[in-house]
Amino acid sequence: MSFDKLNILLVGNGGREHAIAWRLALSAKVNHIFVAPGNGGTALIDKVSNVAIGVSDFAQLVDFAVKNNVNLVIPGPEQPLVEGIQGVFKKVGIACFGPSPKAAEMEGSKTFSKDFMKKHRIPTAAYENFTDVEAAKAYVQSVSHNVVLKASGLAAGKGVLLPTTKEEAFQGLDAIMVDKEFGSAGNEVVVEEFLEGEELSVLAFSDGYTVVPLPAAQDHKRALDGDQGPNTGGMGCYCPTPIGTPALMAQIKENILQPTIDGMRRDGFPFVGMLFTGLMLTKDGPKVLEYNVRFGDPETQVVLPLLSDDTDLAEIMLACCEGRLDAVPVAVKQGYAAATVVMASGGYPASYPKGLPITLPAQSLPDVSVFHAGTIIDQQNQLVTSGGRVLAVSAVAKTLREAVDKAYQGVHAIHFDKAHFRNDIAHRAFKHEQSASQGGITYASAGVDIDAGNLLVQKIKPLVKATRRVGADSDIGGFGGLFDLKAAGFVDPILVSATDGIGTKLIVAQECRIHDTVGIDLVAMNVNDLVVQGAEPLFFLDYFACGKLDVEVAKDFVAGVAKGCVDSGCALIGGETAEMPGLYSLNDYDGAGFTVGAVERSKILPRMDQMKPGDVILGLASSGVHSNGFSLVRKVIASQPGLTYFSPCPWDNEKTLGQALLTPTRLYVKQLLPVLRQDLVKGLAHITGGGFIDNIPRVMPEHLAVSIDASAYPFPPLFKWLKQAGQLSAYEMSRTFNCGIGMILVVDPANVDQVTSLLQQANETVYNMGSVIAKADANGEEVLVNNTQGW
């Protein structure tokens, strides 16, 4: 699709549509813009004409578009998008800058969008959905935090209530669900946790793959100065916000915007158009308040004037429709700020008069634009008010202070009876700048947030406390951890230590945004290395390093560590969280663990002096790849066209590929300790990186080897797929992966039945996999893996 000149149909009649029409008219690519139905301001722009067709009258809109050679449709408000305008124009072959009806549900149903965020692990407030008012009231009564009430359907930007008490919340639920204050939008209600912090609005172009955010803006929803009074559609805005630092914007793009676009595509409804994300910058980082699937109002009036002179809005929109946004430049004016002040009718957002004459200045002020919202030209050809929000006065300048002053100069040059506007637009930005200038450079401004670290400690303390055992109280926050060996019952103990990491499995976890399983991996890789030496794991310490501390990610990681500790019977007695901007990328993190166990001197493994030909090799199943060989796994996946971590898993269609690969490493401690206490094994080998070939020899004497029968246990589908997809040899498999066996036992033939019985009592399946042989009988090899034809 390529056109020399564009005829555009812009649907809507607000200040947003006036700003879009104004910017589009600057494009040399645009021949003419029809605005349906338009307003008194759009009628005054060159190359623009109003068309008296309603935003939801699809039949007339299509008929008009076809007859007037329209080749790009731009819906402004949410209503036609949710009603399916994109699909209507798609049927007649006209490109539409806007999402499909299914994608528009991200705004059309707050229930839908909250469930989407939960599924894709996009940070948002805790919530529940309700269709029954009494059930909703019971939930409000049960929670300790303040709540926000949101009508699930479309409510023209006003279906949100912010009760400050439970009684107000009950009244709000009645108003929405019983009295139908917002109509059918209130048939279902989202009750969510009230988040505290600064709000941000981010508009981002997307073609379904690429997402390009514009600078963050901050809206003023309340009707009166000081953020008092009733909620409105927006009384003003400014951009950029001082809190929208480059680091924060990168975090928002990587953690929220790109995962949203990727998630929508993977769920079958790719997003094309303008994604408007409302965010709260909480102490835990940015969280999504809501999605809108179109330009915001008044955010559009403040953001579009900041586009650079060589940025072509029409070309951007067309590129989004054609899936080539990455090929079009999107730039903003550097070193500039913008502010917008909304002039409303007296009485707004309640009842207000219409038809009041408007007087505009005879000459436009420099750097000031007046965007019309609730205006029309009446039968006397006079500009009059026709809505609650009447005008949006925007100004651009080198500083925010100057932009705000210019916007208010524009406001004071305009008159209509009982005009109402706020006098404190951008007050939060000025307070932020004042406090920053008084405070000087801080550790936080350098990228290290001590408060976030302290918050993390408080969040994980209950998780850590749950790992306490005899000998340790698992109380963190001090300079170190203590363990009482005598209390743990040891008589003549030898301490055994191990340290390990997780490896490149973390890349999969970070891409899939699943962070709680890799903590289990970390513990398992360490404690399994202790138990093979006959030791009981006693305590564990973790190390978490990142570029930017995301408290929720770190908490999930430590939750996995704590679970691993509980399941292996060791205490988590301490750790270190290191935030290192510049060393790690924004969303990167790494983890390492250190563990200490103890074994009575007489029970140390392996007992190489007791091993002899004829000893039996038993195997315990793995849960998957565990935490080794992921560099090869990722290379195999990269070799498969179209396969991603979000694709259906080739060997388990109940999961995505990423979910299957992130199955945590098995812990073998509790099922093996009863066997070890009875001196029933001569050696144990944890099958990690190096597979059978490199790990088994670590517990064998020089003169002995091991012969394994690969047909003695079921070869898991995961490894069959890896072997086939990567065209890997059996030898490469057995020296890289565990191949389905995570733990090897060397057992005297006389003890095999007893060992098997004890392990079966722990719900373990035991495989008799081979025997110990003389190395001379193995032609000098340390491990023979036979009968791999079934692999």
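**Entry 1: the whole chain**

Helices (H or I, at least four residues) and strands (E, at least two) are DSSP runs, numbered from the N terminus. With that in hand I looked up the protein chain, which has 24 helices and 34 strands. I noted that this is a predicted model, in which local features need pLDDT of at least 70 and side-chain atom pairs count only at pLDDT 80 or more, while totals for chains, interfaces and linings use all residues. Residues are numbered from 1 along each chain as its sequence is written, and side-chain values use heavy atoms, with hydrogens and water left out.

I took the box along the principal axes, and the C-alpha atoms of the protein chain fill roughly 110 × 55 × 50 Å. For burial I used relative accessible area, where buried means under 20%, exposed over 50% and partly exposed in between (1.4 Å probe, protein chains only). Of the 791 residues in the protein chain, buried ones make up 55%. I then turned to contacts (heavy atoms within 4.5 Å): among those between residues at least 6 apart in sequence, 75% join residues at least 24 apart.

**Entry 2: helix H9**

I followed helix H9, which runs over residues 246–266 and has 21 residues. From its first C-alpha to its last H9 reaches 28 Å, close to the 30 Å expected at 1.5 Å a residue, where the expected span is 1.5 Å times one less than the number of residues. Where is the kink in H9 centred? I found it centred on Lys253, at about 40 degrees; the bend at a residue is the angle between axes fitted to the seven residues ending there and the seven starting there. Just after H9, Gly268 takes a positive phi of about 95 degrees.

**Entry 3: aromatic pairs**

I looked for rings of Phe, Tyr and Trp (its six-membered ring), which pair if their centres lie within 6.5 Å; planes under 30 degrees apart count as stacked, over 60 as edge-to-face and the rest as tilted. The structure holds 19 aromatic pairs. One of them is the tilted pair of Phe97 and Phe205, with 6.3 Å centre to centre and 55 degrees between the planes. Phe97 lies in the loop between strand E5 (95–96) and helix H5 (101–108) and Phe205 in strand E10 (residues 198–206), so this pair ties together parts that are 108 residues apart in sequence. Phe97 is buried at 4% relative accessibility, and Phe205 is buried at 0%.

I also checked Tyr408 and Phe421, a tilted pair at 6.4 Å centre to centre and 50 degrees between the planes. Tyr408 lies in helix H12 and Phe421 in the loop between H12 and helix H13, so the pair ties together parts that are 13 residues apart in sequence. Elsewhere, ring pairs link Phe715, Phe719, Phe737 and Trp791 into a cluster.

**Entry 4: cores and cysteines**

A nonpolar core is a set of buried Ala, Val, Leu, Ile, Met, Phe, Trp, Tyr and Cys residues joined through side-chain atoms within 4.5 Å. Which residues touch the most other members of the largest core? Of its 96 residues, they are Phe692, Ile696 and Leu745. Leaving out residues up to four places away in sequence, Ile696 touches Ala685, Ile687, Val706, Ile708, Ile744 and Val783. A second, separate core of 47 residues includes Ile8, Leu307, Leu313 and Cys320.

The cysteine sulfur nearest to that of Cys320 belongs to Cys321, 6.8 Å away. Cys320 is buried at 0% relative accessibility, whereas Cys321 is partly exposed at 24%.

Most residues other than glycine have a negative phi, and most peptide bonds are trans, so I searched for exceptions. A cis peptide bond joins Ala36 and Pro37, with omega about 0 degrees, and Pro37 is placed in strand E2. Another cis peptide bond joins Asp297 and Pro298, with omega about 25 degrees. Asn69 has a positive phi near 55 degrees and is exposed, with a relative accessible area of 57%. Asn381 has a positive phi near 60 degrees, and at 64% relative accessibility Asn381 counts as exposed.

Key. Disulfide = S-S within 2.5 Å.
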